[in-house]
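Hello,

Here is the structure I promised to pass on to you. Please have a look at it first, and then read on for what turned up.

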Amino acid sequence: MGYLTDVAFNDQPVPLHIAGAREMNPSLFEMLGQAADLVDAGDAFSCYMNALFGIDPEQRAGAGRRRFRSSFLDLIKGWGFDSNGPEGAVLKGWVESRFGIFPTFHKQPIERVASTAWATYVEEKMSSRFHNNAITVQLDLLFEFCQWALAHFAAVGSTHVTLYRGVNAFDEHQIVQRIDSRRVVIRLNNLTSFSSDRSVADCFGDTILTVRVPVQKILFFNRLLAAHPLKGEAEYLVIGGAYHVTASYF
């Protein structure tokens, strides 16, 4: 865990995979291997997830009074409205469980376990509304598909992508080291939104954080699927840890 959360990982990243996710779903990756482009791959992934988890709107509407089927798309939608809501807590909880990276912020700074902030996070991440329909397995497959898509279509041959985040304060991210007036090392929350469009980041704060993110730490990006709630903001969901950041002030 220490290496994964350190700037050393971001400087020299290594592949990250969820143990067993690809091995247990060979037909998905056989389908992806036949995709001509990212759109085809996204369609194949959506079809596979719909078939396996019954999460497309028609299937869910037909469920009647049966238990609500949670979907990774619900979590992404909720994150788009409020990353500190219950859906955000479930996503942060998935990062914690799979990579051992604890959140540093959920509604307020989380400075230690057994604090009020930690208790609120734990209560929301365990919400029974979202913990059915194998939601963690859905997120495992989302991560593996994202990594596959980056390697084959979206970031072929690239080790990093440059992303931007607008902030007005550093409450959500801990400053680890100040290198000079513009460059710092910060510890990002265990899951953080960025944009690939600097002009979009400008809308969210007076300080623009510019970060080179290793592709291995991307859970989701705006072009991954043809239709999803984060389409308008060129958004990326990035797994946290310590990052070198350049801050531009306006």
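Helix 5 and helix 6 cross in a left-handed way; please keep in mind that this is a predicted model. Helix 5 covers residues 72-81 and helix 6 covers residues 86-99, and their axes lie 7 Å apart at an angle of about 120°. Angles over 145 degrees would count as roughly antiparallel and those from 65 to 115 as roughly perpendicular, so the two helices are oblique to each other. If you want to find the contact on your screen, look on helix 5 for Asp 74, Leu 75, Gly 78 and Trp 79, which meet Glu 87, Gly 88, Val 90, Leu 91 and Lys 92 of helix 6.

Next, the nonpolar cores. The largest one has 64 residues, and those touching the most other members are Phe 45, Phe 72, Phe 99, Leu 142, Phe 145, Phe 221 and Leu 224. Helix 8, residues 135-154, supplies the largest share of this core with ten residues. Another core, of five residues, lies apart from it and includes Ala 89, Ile 110, Trp 118 and Tyr 121.

Finally, there is a hairpin to look at. Strand 4 and strand 5 form it, with four residues between them. Strand 4 runs over residues 174-178 and strand 5 over residues 183-195, and the two pair in the antiparallel sense through four bridges.

Enjoy exploring, and write back with any questions.

Best wishes

Notes: Residues numbered from 1 in each chain as written. Predicted model: local features only at pLDDT ≥ 70, side-chain atom pairs only at ≥ 80, totals over all residues. Heavy atoms only, no water. Core = buried A, V, L, I, M, F, W, Y, C linked by side-chain atoms within 4.5 Å. Buried < 20%, exposed > 50% of the residue type's maximum accessible area, 1.4 Å probe, protein only. Pairing = 2+ DSSP bridges. Axes fitted to C-alpha atoms, helices over the stretch in contact; angles between N-to-C directions. Parallel < 35°, antiparallel > 145°, perpendicular 65-115°, else oblique. Left-handed = near helix turned anticlockwise from the far one by under 90°. Contact = heavy atoms within 4.5 Å.
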